[in-house]
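Please keep the sequence and the model in view while reading.

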Amino acid sequence: MKPTAPPVLALASFPGPLARTPYYCDRLESHVVRFPHVNAPHGHDFYLLLYITEGAGTHTVDLVTYELRPGSLFFLAPGQVHHWHPGLDARGFVVFFSADFYLFRYPGSGLYDFPFFDSAHPPVLYLPPTEAEIRPLIEHLFAEFTVPQPNQAEVFRAYLHLCLELAARHYAAPAPAEVGLAQQQIRQFGALLNQHYRSLRGVRDYAGLLHVSANHLNAQCRRVLNKTASDLIHERIITEARRLLSHSALGVAQVAYELGFEDASYFGRYFRKYTGRTPEAFRQQR
């Protein structure tokens, strides 16, 4: 049985009220009800914006967990792995679009040059809850998507372009080089961990891929996340184990195999060490 990576979802996975389009917009509270599987780690082959207008929760992007709060605006590029846990009171909007859709009218390197799609920058802007510049544009995106209109794609794309250009203004002052480097290394570590956690479990393995020492990687993780690199490796494995135990019919031995454990009994001891329960008990009590 071939191990399964975090799923990579396409735009077609999120049908809207219109015929299939290379863009999508919905209210967050409706989106999470229609597509509950997005609470588990996954990636996309498209770009994503998430704007929070009310409430709280968390959003984890490439291992780093960020707070959801009014005014927060998240940006994800294709390939990034994320999952979110919005509170029951969370409100906002999600916007998806393909690169081709944007580049059709705005060609060149502009899309790839936006700072928020660069791993050197955090994927979130915390804007004032009362900001009245970007929110109205996103509300226009939602209205444009939900009701058929003439030249809809062109209008949607124009509002989207304004959102991105205005958001980029908030990155005029770059982060200090040292902080930016730490964030970049953590996000690169997260991407590598999502790719290799089934086969690589040592800090030295990932440090080698990043061309840094294990001590340096641990220091960066402690500084940015207050966790060791080893903690993050274990958390990633346990997160996937919980997902498989909760959302698949695989037996415990099969789950162990999916996660790269050759010995199911060792997997059971590993799972219990980090969760306090055996895999069987976790599955029964969830």
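## Helices α4 and α5

At roughly what angle do the axes of helix α4 and helix α5 cross? In this predicted model, the axes of α4 (residues 135-146) and α5 (residues 152-168) cross at roughly 160° and come within 9 Å. Angles over 145 degrees count as roughly antiparallel, so α4 is roughly antiparallel to α5. The crossing in which α4 passes α5 is left-handed.

On the α4 side, the contact is made by Leu137, Ile138, His140, Leu141, Glu144 and Phe145. On the α5 side, Gln152, Val155, Phe156, Tyr159, Leu160, Leu162, Cys163 and Leu166 take part. By class, the residues of this contact of α4 with α5 are 11 nonpolar, two polar and one charged.

For helix α8 (residues 214-225) and α9, the axes come within 8 Å and cross at roughly 75°. That angle makes α8 roughly perpendicular to α9. Leu217, Asn218, Cys221 and Leu225 of α8 make the contact with Ala229, Ser230 and Leu232 of α9. Five nonpolar and two polar residues form the contact of α8 with α9, and no charged residues do.

## Helices α9 and α11

Helix α9 also packs against helix α11 (residues 264-275): their axes come within 11 Å and cross at roughly 110°. This makes α9 roughly perpendicular to α11.

Which residues of α9 and α11 meet? From α9 come His234, Ile237, Ile238, Ala241, Arg242 and Leu245, and from α11 come Phe267, Tyr270, Phe271, Tyr274 and Thr275. The contact of α9 with α11 divides into eight nonpolar residues, two polar and one charged.

## The largest pocket

The largest pocket holds about 610 Å³ of space. It is lined by 28 residues, and those closest to its centre are Thr60, His83, Glu235, Arg236 and Thr239.

Which element supplies the largest share of the lining of the largest pocket? Helix α9 does, with 11 residues. At least two residues of the lining come from each of β6 (64-68), β8 (82-86) and α9 (229-247). By class, the lining of the largest pocket has 10 nonpolar, 11 polar and seven charged residues.

## The place of α9

Notes. Residues numbered from 1 in each chain as written. Predicted model: local features only at pLDDT ≥ 70, side-chain atom pairs only at ≥ 80, totals over all residues. Heavy atoms only, no water. Axes fitted to C-alpha atoms, helices over the stretch in contact; angles between N-to-C directions. Helix = DSSP H or I, 4+ residues; strand = E, 2+ residues; numbered from the N terminus. Parallel < 35°, antiparallel > 145°, perpendicular 65-115°, else oblique. Left-handed = near helix turned anticlockwise from the far one by under 90°. Contact = heavy atoms within 4.5 Å. Nonpolar A, V, L, I, M, F, W, Y, C, P; charged D, E, K, R; others polar. 1 Å grid on protein atoms, 1.4 Å probe; cavity = no way out; pocket = protein on both sides within 12 Å on 5 of 7 lines; lining within 4 Å. Points joined across faces, edges and corners; volume = space filled by probe spheres on them.
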